[in-house]
Amino acid sequence: MKDRLRLFPLVAIFFFQLLHIAYALQNAGNDQVESAERHTKHTIPVQAAPEDFQQPLHDGDETLKKSDGAEQVQKALASLRRFERTNPRPKRKTLGITGTITQYVWAMLPKISAQGPSSAGTEGTQPSKELPYPVAEAVKLLEEAADIKNSDAMFLLAQMNFYGNFSYPRNYSEAFRRYSQLASLNGNSSAQHMVGFMYATGIGGAVPRDQAKALLYHTFAAAGGNVRSEMTVAHRHHSGIGTVRNCESAVKHYKNVADKAVEWYRSGPPGGMAWVADSYRLADEDGGVYGEGASFSSSGSNANKQGPSSDAHAALDDVLEYLDLMSRKGDFKATFSLGRIHYDGQKGLPRNLKSARLYFMRVARLYWQKDGRAIESDKMELEKIASKAAGYLGRMFLRGEGLDQNFEKANTWFQRGIKSGDAGSQYFSGVMYLDGLGVPKNIPKATELFKASAKQDYAPAMVAMGALHLDQGGPEDMQVANRYFELAARYGNIESLYYLGEMINLGIGRDRSCGLATAYYKSVAEKAEPLVSSFAEANFEYEKGDMELALLDYIFAAEQGYEKGQANVAYLLDQQKSKWDLPTWLTMTAPRASFLQNSALALIYWTRSAKQTNIDSMVKMGDYYLHGIGTHSDMEKAAACYTAASEFHQSAQALFNLGWMHENGVGLDQDFHLAKRYYDHALETNDEAYLPVTLSLFKLRFRSAWNTFTHGRVNSIQDEPAPKKQWSFSEWIANFLQDDHPYYNDDYDDSNFLSDTDPMPGGDVDGFYEDTIAELDGLLESLIVVGLVASLVFLIYYRNQHQQAHRQGEAARVQAGAGPANGAAQEQQEDRGLFPQPGDPEFGQWAAGGVGH
Ligand SMILES: *[C@@H]1O[C@H](CO)[C@@H](O)[C@H](O)[C@H]1NC(C)=O
Ligand SMILES: *[C@@H]1O[C@H](CO)[C@@H](O)[C@H](O)[C@H]1NC(C)=O
Ligand SMILES: *[C@@H]1O[C@H](CO)[C@@H](O)[C@H](O)[C@H]1NC(C)=O
């Protein structure tokens, strides 16, 4: 289906190219003048004031100038907000085929109308360079205020230049200027964070990348209480970015963030904050960086995590639809599941407390009558599920989720749940007794409830038990607490991770370990996504289609040390999606925006992501070194990356690349035998690599054979026992070639086989192959395999002829008593049976593939 759709733009291209040429011919003269004019304009033109905009914002100029600028800022902000309300940012989401075609046509249009890329240097994010009148006026006011050192005005101007709020065209240089102005004015930590960020990334070319300055500014900002900077500093000390690795510094900074994260978590309703995790890898949507099956993240033991379609949204919709159907049919388990899904929320589905409550209520009503008595039922299952629903309903009352907080009603539901031993009810009831919420404070009772809940492996209850033991302070209590926390940590409970970090960092109940403590603190900090990260904004912008803003937000997360952020940034910046990609003018996608063309930055983030043990990133890193993308090419580093990825984590792609490097002698010794081993291993690791591996093996066998045949210096493929089985035609050919090699290989030692006086027909064939191949790569190279097969047939024929002559010569020598050792005789024995001689009746059969094993 997709393939057929792809034909559409092809037809369109022809049409537009024709138009283009015609137009270009017609306007050959005018264009140059126009573009020359355009390039001289550097200021942003302002639209004429609309008629209905009667009150200019500048009216009280005299009085305003004397103030501290606060009034100007207020006026400007009000005007901007009004403007934003009336002119919301355009949605850029593509609308299926029509949308894509429109997008495509748009990508072509600049050529047709000869408008060229925008000269304003704003990376072409704004379709129109005209600054709306209210925005221009507001900016004027803000600039006035900034001139008299109003920090709010500076900050707002900086933000507008950086993020492009209120459709103001981005200017990173100007943003940097404003941020550093503010940072030096009053040490504002938000501004320092931004300056550090811009030094770290060199984003938009505003400043050259300077990791030392970045760390400096981030350290200042962290000292000023900026949590994102604190995390960035921690990550830099942890990974050794722009500084030496220093665990003690890392643990100190990560602890500060973790403290804030847990404080934030506990500031939520009883039982702690609840949120939906927003961090995920964009690449996983496409089946991994290398696509479905080829990526480590979607192959081998990781396969089918995402399902074959990898479309999480579609899968979720299917699940919801199915559950809804079952629920309507009276399946209370389905109803309860729907409640839970809506209560917890997940990626692509925000929490919906109203729906959750309806579903839980529906289940509860099946079991409890209006007066609260249980309906007699012989269904054991119903009692269990209904008690769980009661636990959730009580929790929603206790926490005021989707309904008004009401301790009394919460308690009622919890009592119902506890009667049937529901762990959630026990825990939250315990929280009520522990904190005296709607009931008298009663710690023994709370402990009892927690204990019962923890026995059922309920993570929050285990944390509560651990905390209670920790308060006791005895050595055994520490052991028990530690045990509870570790059990809860299996579920990724943020508080348990924090407690473990604290215990390890302080050496309480166990030995101190800086590295382990850092790891715990780091995961605590990273779990508090809504507090510290910009993932939610990034995903929002990404789905909306604003790639630049999405990229910025992902870079924030990446700088803070989120591996998923790093992987996402690298993935967005990656231009090497696939070797087989059609050129951009052939595909339906619009050309990549220039802000996405930053290979050096991509490599940085592949590297950082790889350091946090992302295997696909490690392989990618190898690719960048191999091809010299964003760096000078360094074969040794590439080989090191592939080796690391293949040795420890069995990445098929890495194995394949190692095979390729051995085959071509790039970065590693050229060794056909080792190459084959790697290719085979890649296939073992991942069946889905069958086609590329088979093709490569085919080519490799030929090259190996050729190498041996021509006395190449490369180690050829050795004999390996081939399993007997039913062969398909292609396998048979491959196997045929494989079986051939022992023969060739033996000949390798026999330097008499091809005498110098017996050159190849044509003389210069030796070396021809290598030269040609060096120039051709990828697709083309694979295509000539077909040609090679043809020449192979010829070569086999030639070899036979040659062997015959050789044999005759040998035989003559043996007869004359001057022959070499028995080996030669054995060779002849082996050789005779290999394949039919031309002219032999069997030859025709063989050529048609009729001779099987
Ligand atoms: C930095 O300055 C801006 C504008 O004055 C202000 O809104 C922000 O709260 C300041 N940040 C800090 C951390 O003080
Ligand atoms: C500008 O946009 C960014 C990103 O969307 C946002 O974080 C920031 O709060 C906005 N600033 C203002 C003043 O609206
Ligand atoms: C961006 O700002 C810098 C100074 O901050 C200025 O020199 C440059 O002309 C601006 N670029 C555009 C396109 O306005």
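This is a selection-by-selection tour of a predicted model. Residues count from 1 along each chain as its sequence is written, while chains are lettered from A and ligands numbered from 1 in the order in which they are written. Because the model is predicted, local features need pLDDT of at least 70 and side-chain atom pairs count only at pLDDT 80 or more, whereas totals for chains, interfaces and linings use all residues.

**Whole chain**

Start with the protein chain in cartoon view. The chain has 39 helices and zero strands; helices (H or I, at least four residues) and strands (E, at least two) are DSSP runs, numbered from the N terminus. Colour by burial next: 37% of the 853 residues count as buried. A residue is buried if 20 or more other C-beta atoms lie within 10 Å of its own, exposed if 12 or fewer, and partly exposed in between, with C-beta atoms placed from the backbone. Among contacts between residues at least 6 apart in sequence, 59% join residues at least 24 apart; two residues are in contact if their C-beta atoms, placed from the backbone, lie within 7 Å.

**The ligands**

Select ligand 1. Around it are Ser151, Asp152, Phe155, Asn188, Ser189, Ser190 and Ala191, where a residue is near a molecule if its C-beta atom, placed from the backbone, lies within 6 Å of it. Helices α7 (151–163) and α9 (189–201) are the elements that give two or more residues to this shell. By class, the shell around ligand 1 holds two nonpolar, four polar and one charged residue. Here Ala, Val, Leu, Ile, Met, Phe, Trp, Tyr, Cys and Pro count as nonpolar, Asp, Glu, Lys and Arg as charged, and the others, Gly among them, as polar.

Move to ligand 2, which is surrounded by Leu156, Gln159, Tyr163 and Asn165. Its shell has two nonpolar, two polar and no charged residues.

**Two loop residues**

Select lysine 149, in the loop between α6 (133–147) and α7. Lysine 149 is not a glycine, yet has a positive phi of about 60 degrees. It counts as partly exposed because it has 14 C-beta neighbours inside 10 Å.

Then select aspartate 457, in the loop between α20 (443–455) and α21 (459–472). Its phi is also positive, at about 65 degrees, although aspartate 457 is not a glycine. With 13 C-beta neighbours inside 10 Å, aspartate 457 counts as partly exposed.

**Helices α16 and α17**

Show α16 (residues 353–367) and α17 (residues 380–399), which pack at an angle of about 140 degrees with their axes 8 Å apart. Therefore α16 is oblique to α17: angles under 35 degrees count as roughly parallel, over 145 as roughly antiparallel, 65 to 115 as roughly perpendicular and the rest as oblique. Axes are lines fitted to C-alpha atoms, for helices over the stretch in contact, and angles run from 0 to 180 degrees between N-to-C directions.

For side chains, display those at the contact, including Phe360 and Met361 of α16 and Tyr392 and Leu393 of α17. The contact has 15 nonpolar, no polar and two charged residues.

**Helix α28**

Finish on α28 (residues 563–573), where eleven of eleven residues are buried. The elements covering its buried residues include α13 (282–285), α27 (547–559), α29 (599–611) and α30 (615–627).

Keep α28 and α29 on screen: their axes come within 8 Å and cross at roughly 150 degrees. Among the residues in contact are Glu563 and Leu573 of α28, and Trp606 and Arg608 of α29. By class, this contact of α28 with α29 has eight nonpolar, two polar and two charged residues.
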